[in-house]
Amino acid sequence: MQVLQRMADIGGHKFTIREQLIGGASIDATGEPLPADTVKSCLASDAVMLGAVGGPKWSDPNAAVRPEQGLLRLRAELEVFANLRPVKIFDDMADASPLKRELLVGVDLLVVRELTGGIYFGEKSRSATSASDLCIYEAFEIERIVRVAGRLASARRGKLCSVDKANVLETSRLWRDIASRVTREEFPELQVEHLLVDAAAMHLLSRPADFDVIVTENMFGDILTDEASMLAGSLGMLPSASLGEQSRGLYEPIHGSAPDIAGRGIANPCGMIASTALLLRHSLNLSEEAAQIEQALERTIRDGYRTADIAAGGSAVDTTEMTAAVIRHLD
Ligand code: IPM
Ligand code: MG
């Protein structure tokens, strides 16, 4: 919020910001993970900035009410079916990644994760001895996400990789049929590749720089982006934008609430700050301002500022100092 506010001052913009509850804080205050007021306020806004949900206090797997339900419902209410998760390696950060430096040269990929369908939203059941989660994909859901990914790939390096599990899952066979047809008919200029998700998980580590845009279903995208974050050195680095048919979007870092370091002031704010840049670009049509935040972030890293998760054993600054450094570079 500090970075966003500073950018508003510099650019002469005025943002009206309202804060609303979601997740654990909301369960504590209201008993629900996503109160009607929050939904109403989000639907009436141009963009929604989201802090991570969840924590040990609310993580009893048998609880009827869980923080994550709030997040999933908010994504559904806002109809933000396209989750963009860019993975870019900052020049001086190769040491923060557990991967060999030479593998990371030129890594610049974008995962487009389907966000409002699949196994996350299918009917669930549970008895004492069995459980089920239904995975359903409708053709239109696949078509629209492949189109988003196709458009983005056309504006980047022209490569699109669709990830599924078509050797086992019926939903994946439909996914592959539709991804093939949409790309053939609407994006003939793209270089298209289809990978099974297990192979994709391996290729992300063996040849990460080959990928440009990856499009995949909800759960595969969840898993692959945590893996991909290690290319960038830390889960704390990656931003995300969740978009629908309108310009209104939901912006959140891909990391969770990191309960293991809660209260110590050492969380990496980079993913959240980079998410504010995506917000300015995609929902407020302020691309110049977005680029300025991204450049400030990049220069802050280049000048050697590191939070503990990316310090690779070197000296680290805390969340407040990291944020202040980004703001100084913005100025
Ligand atoms: C993410 C998170 C969420 C997800 C959780 C918190 C429900 O892991 O945004 O990647 O699985 O979508
Ligand atoms: Mg996740």
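This is a predicted model: local features need pLDDT of at least 70, side-chain atom pairs count only at pLDDT 80 or more; totals for chains, interfaces and linings use all residues.
Where is A258 found? A258 sits in the loop between β10 (249–253) and α10.

**Loop residues with positive phi**

In A258, phi is near 45°, a positive value in a residue other than glycine. Most residues other than glycine have a negative phi. With a relative accessible area of 28%, A258 is partly exposed, because values between 20% and 50% fall in that class.

E79 also has a positive phi, near 55°, and is a residue other than glycine. E79 is placed in the loop between α4 (67–77) and β2 (82–88). Its relative accessibility is 57%, so E79 counts as exposed.

**Two further loop residues**

D46 belongs to the loop between α3 (36–43) and β1 (47–49). A relative accessible area of 55% makes D46 exposed. Not counting residues up to four places away in sequence, D46 touches S247, R248, G249, S283 and L284. One of these partners, R248, is 202 residues from D46 in sequence, yet the two C-alpha atoms are 5.0 Å apart in space.

G31 lies in the loop between α2 (23–30) and α3. The relative accessibility of G31 is 41%, and G31 therefore counts as partly exposed. With neighbours within four places in sequence left aside, the contacts of G31 are S26 and V65. G31 and R184 are 153 residues apart along the chain, and their C-alpha atoms are separated by 49 Å.

**Nonpolar cores**

How many residues does the largest nonpolar core have? It has 75 residues, and those with the most contacts inside it are V112, L231, M237 and L280. Helix α10 (residues 270–282) gives the largest share of this core, seven residues. Apart from this core lies another one, of twelve residues, including V39, V53, L71 and V80.

L231 can be followed through its contacts. Leaving aside neighbours within four places in sequence, L231 is in contact with V87, I89, S97, L99, L104, V107, L109, L204 and P208.

**Helix pairs**

Two packed helices are described by the angle between their axes and the distance between the axes.

| Helix pair | Angle between axes | Distance between axes |
|---|---|---|
| α8 (residues 197–206) and α9 (residues 218–229) | about 15° | 10 Å |
| α1 (residues 2–11) and α10 | roughly 45° | within 9 Å |
| α6 (residues 139–154) and α7 (residues 170–186) | about 45° | 9 Å |

Are α8 and α9 roughly parallel or roughly antiparallel to each other? At an angle of about 15°, α8 and α9 are roughly parallel, because angles under 35 degrees count as such. The crossing of this pair is right-handed. On the α8 side the contact is made by V197, A200, A201, L204 and L205, and on the α9 side by F220, L224, E227 and A228. By class, the contact of α8 with α9 has eight nonpolar residues, no polar residues and one charged residue. L204, which takes part in this contact, is also one of the residues in contact with L231.

The axes of α1 and α10 cross at roughly 45°, which makes α1 oblique to α10. This crossing is right-handed. V3, L4 and M7 of α1 meet I273, T276 and L280 of α10. The contact of α1 with α10 has five nonpolar residues, one polar residue and no charged residues.

α6 passes α7 in a right-handed crossing. From α6 the contact takes A139, I142, E143, I145, V146 and R147. From α7 it takes L174, W175, I178, A179, R181, V182, T183 and E186. The residues of the contact of α6 with α7 divide into nine nonpolar, one polar and four charged.

Key: Residues are numbered from 1 along each chain as its sequence is written. Chains are lettered from A and ligands numbered from 1 in the order in which they are written. Side-chain values use heavy atoms; hydrogens and water are left out. A nonpolar core is a set of buried Ala, Val, Leu, Ile, Met, Phe, Trp, Tyr and Cys residues joined through side-chain atoms within 4.5 Å. Buried means under 20% relative accessible area, exposed over 50%, partly exposed in between (1.4 Å probe, protein chains only). Helices (H or I, at least four residues) and strands (E, at least two) are DSSP runs, numbered from the N terminus. Contact means heavy atoms within 4.5 Å. Axes are lines fitted to C-alpha atoms, for helices over the stretch in contact, and angles run from 0 to 180 degrees between N-to-C directions. Angles under 35 degrees count as roughly parallel, over 145 as roughly antiparallel, 65 to 115 as roughly perpendicular and the rest as oblique. A crossing is left-handed if the near helix is turned anticlockwise from the far one by less than a right angle, and right-handed if clockwise. Ala, Val, Leu, Ile, Met, Phe, Trp, Tyr, Cys and Pro count as nonpolar, Asp, Glu, Lys and Arg as charged, and the others, Gly among them, as polar.
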